Amino acid sequence: MQFVATPRFRIAACNRTSLATLGLAFPLLVGLGSVLLEPTTWLWTFALMLAILAITIGHMFRASMTLEPEAVRVGAGMFRTRVAYADILSVSMHAEAPHPGWRTFGIGMPGFRLGWFSGEHLRRQFVATGRSGKTLRLNLRRGFDVVVEVEDPGELEAALRQRLQIQRDGQGVNDTSNEM
């Protein structure tokens, strides 16, 4: 297999919707806590909310999709997955992000989703999306699909198709389908 650089694409997570959600939710919860809870309890609640806010923002800024030589790595921190190119059946671009269904393990808020969700027909999905723009869906041989939204979806699609072609050429597979 020939050497190819490892491109990294940022998930479109830092957008007006996600930042407004964080900017409104945190002060609202702090205000509610200060009114409803005792001072000692309120301080612990404030510290916990601050930690959750920091973790969420950290995941938002670090979420990415990386095309490694043998696999695709998607996500950040606790919510990430790695998929070998050989497991990818098809790649498709969608005009808008499909509704991911129920969140089973991850972060889900307006403007940012990262982690495991139930998808169509109860098939699991690993979702890394932001502002509901163009998304790229990887249909896999394994029991789940990957749905991502990056800042430059056209460039990601071209780079991913190139990697898949290199992988198939290296294995001697001749695929002429239009889905890949």
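Is Glu151 buried, partly exposed or exposed, and what is its relative accessibility? In this predicted model, Glu151 counts as partly exposed, at 49% relative accessibility. The protein chain contains three helices and 10 strands, and from the N terminus on these elements follow the order β-α-α-β-β-β-β-β-β-β-β-β-α.

**Overall make-up and confidence**

- Of the 180 residues in the protein chain, 42% are buried, and the accessible surface comes to about 10100 Å², with 59% of that area belonging to carbon and sulfur atoms.
- The mean pLDDT of the protein chain is 83, and 89% of its residues reach 70 or more.
- Over residues 172–180 pLDDT stays under 50, and for this stretch the model has 13 contacts beyond four places in sequence. Where pLDDT is low, the predicted coordinates should not be read in detail.

**Nonpolar core**

- The largest nonpolar core has 38 residues, and those with the most contacts inside it are Leu67, Ile88, Val146, Val148 and Leu160. Helix α3, which covers residues 153–171, supplies the largest share of this core, namely four residues.
- In soluble globular proteins, nonpolar side chains tend to be buried together.

- Met60 is found in helix α2, which spans residues 39–62, and counts as buried because its relative accessibility is 1%, where the cut-off for a buried residue is under 20%.
- When residues up to four places away in sequence are not counted, Met60 touches Ala13, Cys14, Ser18, Leu19, Leu22, Met109 and Phe112.
- The C-alpha atoms of Met60 and Ile11 are separated by 8.0 Å, although the two residues are 49 residues apart along the chain.

**A nonpolar patch on the surface**

- Leu28, Leu32, Val35, Leu36 and Leu37 form a nonpolar patch on the surface, and together they have about 500 Å² of accessible area.
- Within this group, Leu32 has its place in helix α1, which runs over residues 16–36, and counts as partly exposed because its relative accessibility is 43%.

**Salt bridges between separate parts of the chain**

- The count of salt bridges comes to six, and one of them is formed by Arg10 with Glu151, whose closest N and O atoms are 3.5 Å apart. Because Arg10 lies in strand β1 (residues 8–10) and Glu151 in the loop between β10 (144–148) and α3, this pair ties together parts that are 141 residues apart in sequence.
- Arg10 is partly exposed, with a relative accessible area of 31%, and Glu151 likewise counts as partly exposed, at 49% relative accessibility.
- The side chains of Arg82 and Glu68 also meet in a salt bridge, at 2.9 Å from N to O. This pair links distant parts of the chain, with Arg82 in strand β4 (residues 79–84) and Glu68, 14 residues apart from it, in the loop between β2 (64–67) and β3 (71–76).
- Arg82 counts as partly exposed, at 48% relative accessibility, whereas Glu68 is buried, with a relative accessible area of 13%.

- Glu157 forms a salt bridge with Arg161, the closest N and O atoms being 2.8 Å apart. Both Glu157 and Arg161 lie in helix α3, where they are four residues apart, or about one turn of the helix.
- Glu157 counts as buried because its relative accessibility is 18%, whereas Arg161 is partly exposed, with a relative accessible area of 24%.
- Apart from its neighbours within four places in sequence, Glu157 is in contact with Met93 and Leu136.

Definitions and conventions:
Residues numbered from 1 in each chain as written. Predicted model: local features only at pLDDT ≥ 70, side-chain atom pairs only at ≥ 80, totals over all residues. Heavy atoms only, no water. Patch = residues over 30% accessible without salt bridge, like charges linked within 9 Å, V, L, I, M, F, W, Y side chains within 5 Å. Areas by Shrake-Rupley, 256 points an atom, 1.4 Å probe, with all protein chains shown as cover. Salt bridge = Lys/Arg side-chain N within 4 Å of Asp/Glu carboxyl O. Helix = DSSP H or I, 4+ residues; strand = E, 2+ residues; numbered from the N terminus. Buried < 20%, exposed > 50% of the residue type's maximum accessible area, 1.4 Å probe, protein only. Core = buried A, V, L, I, M, F, W, Y, C linked by side-chain atoms within 4.5 Å. Contact = heavy atoms within 4.5 Å. pLDDT = per-residue confidence, 0-100.
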